[in-house]
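Hello,

I am passing a structure on to you, with some notes on what turned up in it. Please have a look at it first and then read on.

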Amino acid sequence: MKGYVLDYIDENEYHKLERALKKYNMIAYKKLNFEYYPSLRNGEFIGELVSQNKKAGTETYELKLPSDKMFAQVHGEVKLHYTVYKKEETVMLDTITPSEILLEGHMSELKTYKGIMISKANASKDKFKIDLLNMLQDK
């Protein structure tokens, strides 16, 4: 089978992020596994080209994954960061962001506030953001 090989910069860390994504955002996880990974293996590099190194033959991409609008406003967009090594025909999967909330969700169960998960470390800050966004939407 010809195509690109998927590899990891830090496999354990990446799989933790992937499992947390599966737990808290199943739609993004399904798209990632059944649509985006096969595309990457076939050499279809999707997402936004962030940087390019012609000398080393690498391209770095950011791929926005589907997520709830309110989650994106509170924690940031869910994105897959990966680098393509053209000569070696390898796609190096770097990380999934926002990694802080996903890693925290991997370590322990996260609570929700008005349907949005909140971190234990910044619970009051997250609640404030959610309340503020809800107030702005009501007007």
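The lining of the second largest pocket is made up of 5 charged, 3 polar and 3 nonpolar residues. In this count Ala, Val, Leu, Ile, Met, Phe, Trp, Tyr, Cys and Pro are nonpolar, Asp, Glu, Lys and Arg are charged, and the others, Gly among them, are polar. The volume of this second largest pocket is about 160 Å³. Of its 11 lining residues, H75, E100, S119, N122 and D126 are the closest to the centre. At least two lining residues come from each of helix 3 (69-75), helix 4 (99-107) and helix 5 (123-138).

A pocket here is an open set of points on a 1 Å grid over the protein atoms alone, where a 1.4 Å probe fits, with protein on both sides within 12 Å along at least five of seven lines; lining residues have an atom within 4 Å of a point. Points are joined across faces, edges and corners, and the volume is the space filled by probe spheres set on them.

Please keep in mind that this is a predicted model, where local features need pLDDT of at least 70 and side-chain atom pairs count only at pLDDT 80 or more, while totals for chains, interfaces and linings use all residues. Residues are numbered from 1 along each chain as its sequence is written, and side-chain values use heavy atoms, with hydrogens and water left out.

The largest pocket holds about 180 Å³ of space. Y24, N25, D68, F71 and M117 are the closest to its centre among the 11 residues that line it. Helix 1 (11-24) and strand 7 (116-118) are the elements that give two or more residues to this lining. By class, the lining of the largest pocket has 7 nonpolar, 3 polar and 1 charged residues.

Now to the chain as a whole. It has 5 helices and 7 strands, in the order β-α-α-β-β-α-β-β-α-β-β-α from the N terminus. Both are DSSP runs numbered from the N terminus: helices are H or I with at least four residues, strands E with at least two. Of the 139 residues, 39% count as buried. Buried means under 20% relative accessible area, exposed over 50%, and partly exposed in between (1.4 Å probe, protein chains only).

How many salt bridges does the structure hold? There are 4, each being a side-chain nitrogen of Lys or Arg within 4 Å of a carboxyl oxygen of Asp or Glu. One of them joins E35 and K31 at 3.2 Å, N to O. Both residues lie in helix 2 (residues 26-41), 4 residues apart, about one turn of the helix. E62 also forms a salt bridge, with K79, and the closest N and O atoms are 3.3 Å apart. Because E62 is in strand 3 and K79 in strand 4, this pair ties together parts that are 17 residues apart in sequence.

Finally, there is a nonpolar patch on the surface: F128, L132, M135 and L136 together have about 440 Å² of accessible area. Such areas come from the Shrake-Rupley method with a 1.4 Å probe; for residues, only the protein chains shown count as cover. Patch residues have over 30% relative accessible area and no salt bridge; like charges are joined within 9 Å, and nonpolar side chains (Val, Leu, Ile, Met, Phe, Trp, Tyr) within 5 Å. F128 sits in helix 5 and counts as exposed because its relative accessibility is 57%.

Best wishes
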